[in-house]
Amino acid sequence: MLTNMLAIALAAWSALGAVFAVPTIEIADSSTSTNADFRAYERIWAAWTYVETGECAIWVSSGWETQPTEAVQRTITHEVGHCLWLTHHNGEGVMGHGDGFDLTPADRMELWRVHPLSFRAYVPGVAR
Ligand SMILES: [Zn+2]
């Protein structure tokens, strides 16, 4: 199920119109982490990108099954955003504030800020 949510998150981010390479993303149980901070908290979600190997691990708390599906999907989409090097922003959206589950123009702007070269302007009706 988390693998499906990962695919949904990647589809949502790529649907914003950017073309960029995505690191290998692994889902890991935070209770098995070698990081004591990850194990110490009851509920921790985190994404950690390992530049050397080109991989990103999303650490998931073992109690995720008891949370509403939409909330888990939002969290996975948020953590995938971190795997894409995005950070939190002050607007409404999955990387910002609000309760919505869909990516917003503010999320798109954050993706654009981090990956500007992957975006191309498209103006209908204008020859290029
Ligand atoms: Zn975050």
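**Reading a predicted model: sheet, helix and core**

Reply: Of the 128 residues of the protein chain, 23% count as buried. The model is predicted.

Me: How many helices and strands does the protein chain have, and in what order do the elements run?

Reply: The protein chain holds four helices and three strands. Starting at the N terminus, their order is α-β-α-β-β-α-α.

Me: What is the order of the strands in the sheet?

Reply: The three strands form an open sheet in the order β1-β3-β2, and the pairing is mixed. β1 (24-29) and β2 (46-50) are at the edges with a single partner strand each, so one side of each has no neighbour in the sheet. On average, neighbouring strands are turned by 25° against each other, direction ignored.

Me: Which pairs of strands run parallel, and which pair in the antiparallel sense?

Reply: β1 and β3 run parallel and are joined by six bridges. In this pair, Asp29 stands opposite Val60 in β3. β2 and β3 pair in the antiparallel sense, over five bridges. Here Ala46 is opposite Trp59 in β3, and Trp48 is opposite Ala57 in β3.

Me: What lies between the strands in the hairpin of β2 and β3?

Reply: Four residues lie between the two strands, and Gly54 takes a positive phi near 70° in this hairpin.

Me: Is β3 mostly covered or mostly exposed?

Reply: In a regular strand, side chains alternate between the two faces of the sheet. As for β3, five of its six residues are buried, and the strand is mostly covered.

Me: How do I check the length of a helix such as α1?

Reply: Take 1.5 Å a residue: the 13 residues of α1 should then span 18 Å, and the end C-alpha atoms are 18 Å apart, which agrees.

Me: Which residues of α1 are buried, and where do they sit around the axis?

Reply: An α-helix has 3.6 residues a turn, so residues three or four places apart point the same way. In α1, the buried residues are Met5, Leu6, Ala9 and Trp13. They cover an arc of only 105° around the axis, which means that they are on the same side of α1. Thr3, Asn4, Ala7 and Ala11 are exposed on the other side of α1.

Me: What covers the buried residues of α1?

Reply: The cover includes β1, α3 and α4 (105-114).

Me: Which residues have the most contacts inside the largest nonpolar core?

Reply: Nonpolar side chains tend to be buried together in soluble globular proteins. The largest nonpolar core here has 20 residues, and Ile58 and Val80 have the most contacts inside it. At least two residues of this core come from each of α1 (2-14), β3 (55-60) and α3 (69-83). β3 gives the most, with five residues.

Me: Which residues does Val80 touch, not counting those up to four places away in sequence?

Reply: Val80 touches Leu6, Ala9, Leu10, Trp13 and Ile25 on that count.

Me: How many of the contacts in the protein chain join residues 24 or more positions apart?

Reply: Among contacts with a separation of 6 or more, 56% are between residues 24 or more positions apart.

Conventions: Residues numbered from 1 in each chain as written. Predicted model: local features only at pLDDT ≥ 70, side-chain atom pairs only at ≥ 80, totals over all residues. Core = buried A, V, L, I, M, F, W, Y, C linked by C-beta atoms within 7 Å. Buried ≥ 20, exposed ≤ 12 C-beta atoms within 10 Å, placed from the backbone. Contact = placed C-beta atoms within 7 Å. Pairing = 2+ DSSP bridges. Axes fitted to C-alpha atoms, helices over the stretch in contact; angles between N-to-C directions. Expected span 1.5 Å × (residues − 1). Arc of directions from axis to C-beta.
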